[in-house]
Amino acid sequence: MNTRILASTLIALITALFLSSCGFQSIPQSKNSVEAALAEVNNQYKRRLDLIPNLVNVVKGYAGHEKETLEGVIAARAKASSITIDPTKMNAEQIRKFQGAQGELSQALGRLMVLTENYPNLKADSQFRDLQAQLEGTENRITVARNRYIQAIKEFNDFITVPPYSWTNSLLYHHEKMPQWDLSADEKTKAEKAPDVKF
Amino acid sequence: MDLANILTSQTQLKIQKICQDFWNSKKAQLQVLIIPTLDETPIEQAAIKIVEKWKLGTEKEDNGVLLIVALKERKIRIEVGQGLEGHIPDVIAKRIISDQIAPFFRKNNFSDGVLVGVLFIARAIDPNYNIAVEVGQTNRHFSKNKRYSLGDSALIIILFVLFGFLSLFSRGRGGIWRGGRGSSWGGGGFGGGGGWSGGGGGFSGGGSSGDW
């Protein structure tokens, strides 16, 4: 009897050791990191949304007749606001839509900022300069958050596809690989951000 | 850390003192990095890599801040840790760069420019911080207190040397930085900023960049 108890205890211990070293904790932790990273991305995009009304108002004060560009920004912002994501229920389709809307907003903002180059008084306005600083800071934060999100997804995908953690995944969790944040959408906005300035 | 050898030793000592004061009083881990060139890397990318590698700031307070200057590209950036974003919001960082540092740089006065930058960053974190600073051409005085005395310099030199020794022994404790793309400042192997490390605070990309 004693040997049996000893044997089963030993087996239990080994199993526990195996599990803990093979992703039992790491996989859920990694999944949580991905969700947190996405929440942060969402956070920073929202921060950008919040800056836009003031920016539009200041520009209107100097370049109010540039209706097309200003309305473009307002419309893009409204669209971006309406597409929300829930980090705990990540859905590739939803994320793609979100990215698309934010990308369009980036383009609209880009056009607005290029336009301001034609208005030296606007550029010298201290409120505008402050908003510009805030916008640049926010865009950088978005970039940082996005890169960390991409990194978190990569780590998670590594966990569930690379042995031995992948075995734990197949046995216990059955997680699917997460789709990577599609950088091509962001690249597109960068390319489109610099149209020619007509004098 | 002046990799471009552009600051006078007097300026370096002064900056060292300010950074040390803030580290000792646990308000912030403030570091300065001057590099000859960014080698194609955008300064924002370089800055975030550096603060992460150097592990600036404590984990609890996220109070790291980096002032980085790239000479060839004529770019300046202040990278602000999450815990300091209340003291140094993006707008303030921008103003320090464009209103305080850049004017000196345009006159090729890098020592005073960096010193003023560090001082304004320090003041943003702690408005009561006082240190006697005399800045060359414009003769600005930031404090009406006593002048910089010889006794102070001796102490600082000693501390500097001490920290230098400590950094040799504390390799790998967050001071070493091997980054970049194999460029001149990515060679690595030197201690980051004097051998102290807070363990690494959080940076969310806040701060501001500018040029001159």
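In the predicted model, A:Arg141, B:Glu85 and B:Asp90 are linked in a network of salt bridges, a salt bridge being a side-chain nitrogen of Lys or Arg within 4 Å of a carboxyl oxygen of Asp or Glu. The closest N and O atoms of A:Arg141 and B:Asp90 are 2.7 Å apart. A:Arg141 lies in helix α6 of chain A and B:Asp90 in helix α3 of chain B, so this pair joins two chains. Helices are DSSP runs of H or I with at least four residues, strands are runs of E with at least two, and both are numbered from the N terminus. The side chain of B:Glu85 meets that of A:Arg141 at 3.2 Å, N to O.

A:Arg141 is buried, with a relative accessible area of 1%, and B:Asp90 is also classed as buried, at 4%. The classes are buried for under 20% relative accessible area, exposed for over 50%, and partly exposed in between, computed with a 1.4 Å probe on protein chains only.

Residues are numbered from 1 along each chain as its sequence is written, and chains are lettered from A, and ligands numbered from 1, in the order in which they are written. Because the model is predicted, local features need pLDDT of at least 70 and side-chain atom pairs count only at pLDDT 80 or more, whereas totals for chains, interfaces and linings use all residues; side-chain values use heavy atoms, with hydrogens and water left out.

The surroundings of B:Asp90 include both chains. Residues up to four places away in sequence not being counted, B:Asp90 touches A:Arg47, A:Ala133, A:Gln134, A:Gly137, A:Thr138 and A:Arg141 in chain A, and B:Gly206, B:Gly207 and B:Ser208 in chain B. Contact here means heavy atoms within 4.5 Å. The side chain of B:Asp90 also makes a polar contact with the side chain of A:Arg141 (2.7 Å). A polar contact is a pair of N or O atoms within 3.5 Å; within protein, one must be able to donate a hydrogen and the other to accept it, and residues adjacent in sequence count only if both atoms are side-chain atoms. A polar atom of the B:Asp90 side chain lies 2.9 Å from the backbone nitrogen of B:Gly207.

At the level of the interface, 17 residues of chain B are in contact with 14 residues of chain A. The area buried between the two chains is about 1100 Å², of which carbon and sulfur atoms give 36%; buried area is the accessible area (1.4 Å probe) that two parts lose on being put together, summed over both. In chain B, the most area is lost to chain A by B:Asp90, B:Val91 and B:Ser204, together 40% of what that side buries.

The rule finds 6 salt bridges across the interface, and 6 residue pairs are in polar contact across it, both residues at pLDDT 80 or more. Elements giving two or more residues to the chain B side are α2 (43-54), β3 (75-80), α3 (90-106) and β6 (206-211). The largest share, 6 residues, comes from α3(B).

Over all chains, 17 salt bridges are found. One of them joins A:Arg129 and B:Asp99 (3.6 Å, N to O), and this pair crosses from helix α6 (residues 126-161) of chain A to helix α3 of chain B. A:Arg129 is partly exposed, at 37% relative accessible area, and B:Asp99 is partly exposed, at 37%.
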